[in-house]
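Work through the following exercises with the sequence and the structure side by side, and try each task before you read its solution.

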Amino acid sequence: MSMFGKNQNLENESSSVDTIIGPSVSVEGNFKGDGNIIIEGEVKGSLKTKGYLKASETSVIAASIVAGDAEIAGQLTGNIKVKGALEIKNTAIIQGDLEAQAITVAHGAVINGNLKMKAEVTEKIYSEDETKADN
Amino acid sequence: MNYYICDTFTNRKKYQKQLSKIELLLANLGIGGKLCRLTVLKNIESLLEEAMEEGAENIVAVGNDQTVSKVANLIMNKKITLGIIPIGEGNLLAPALGINSAEEACRILSARKVKKLDVGQINEQYFLLGLESADDNIVFNLENYNINPLPNNEAVGLYNINISNYNFRSNPGDGIMEAVFAPKEKTFWQKLWHKKEESLPERISVFPIKKMTIKHRKNPVTINIDRQRTVKSPAEVTVLKNQLRVIVGKGIKQKSIAIQC
């Protein structure tokens, strides 16, 4: 099973999709997976994966999400924490806090929540500012 | 020693010529053995018991998927290797294992390339191909979550080998089976109605499964096992990794998931 890197297109890596939550099912509970996930249907609860998560326009998610990398284009009510890159598409409607190493937000996306970038990066900036001030 | 078990339907006149040809080919290849024909009086259980008493190492199911499933159920947990010679209609398993004809099957048996396949267990029964149901009332209950099919599903299944018409990847030796939920195709009027929205084609849902309980919302649902037996929900399902030794051909087919965005 191969993982998706940043900015890689899921469509090009069709063979590494492990779970597809299509529009004809509803998942309730704490879903945990290691692989790549496509969501086009309903998810309620929590969702955790080490791989890539793609929530399409038709997805309706009321869950907290933890993923390796993610792309959100549907409705999300809940916090999302991504280890790598998070891409918010213009059709996304998000009610919750976002945390990622890198975040891309398309024009038209609706986000009601806090955005937090990787802690190490912000700490580095602060420490650089402090050294400049000391000099 | 090889033990060939021919299913009841192979006693029909139209299969006699093919059976004689197979017998001759097996003898020429030096893998001839005891050929037993199932009849109304001779059932598969007594034949297999007899074969095991005689120390059979390989038992070859001569027939279709139902024959293979029946034999596989009875040789589970025994030190026996399963062979397949596909005859008649309803053979999806053999081609999936790289066995495309009865003649090819004889050569494959001679080459004896053995692969350990996963086997599914539903309550006290075993299955090789998969489970299927057409009832939306079904619920797949996994350790921490439930999968509920919505009313627009055509079929729900759990597959070891992709014997369905749906496009997804399955590997019968990875210890995982694929739960598949296939939505109904849109009618002409629905397609016309959604034309302006340029909606995406309805995609199947696929979940990797190792263990689950099949439950129901209101009334118990009927679950089809290997397209030959049925069981009612609730039922416990477990995937037994590499549990059955099967003689296979060179190219085991694995369909892949098609992404249609």
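**Exercise 1.** What percentage of the 261 residues in chain B is made up of buried residues?

*Solution.* The model is predicted, so that local features need pLDDT of at least 70 and side-chain atom pairs count only at pLDDT 80 or more, whereas totals for chains, interfaces and linings use all residues. Residues are numbered from 1 along each chain as its sequence is written, and chains are lettered from A and ligands numbered from 1 in the order in which they are written. A residue is buried if 20 or more other C-beta atoms, placed from the backbone, lie within 10 Å of its own. By this test, 41% of the residues in chain B are buried.

**Exercise 2.** Find the domains of chain B and describe the side of domain 1 that touches domain 2.

*Solution.* First, the domain assignment, which is automatic or from a database, gives domain 1 (2–112) and domain 2 (122–241) in chain B. Next, their C-alpha centres lie 30 Å apart, and the contact (C-beta atoms, placed from the backbone, within 7 Å) takes ten residues from each domain. Finally, helix 3 (65–75), a DSSP run of H or I with at least four residues, gives the most to the domain 1 side, with six residues.

**Exercise 3.** Identify the contacts that B:Ile5 makes away from its sequence neighbours.

*Solution.* B:Ile5 is among the residues with the most contacts inside the largest nonpolar core, which has 102 residues. Such a core is a set of buried Ala, Val, Leu, Ile, Met, Phe, Trp, Tyr and Cys residues joined through C-beta atoms within 7 Å. Leaving aside neighbours within four places in sequence, B:Ile5 is in contact with residues including B:Cys36, B:Leu38, B:Ile59 and B:Val71.

Methods: Contact = placed C-beta atoms within 7 Å. Helix = DSSP H or I, 4+ residues; strand = E, 2+ residues; numbered from the N terminus. Buried ≥ 20, exposed ≤ 12 C-beta atoms within 10 Å, placed from the backbone.
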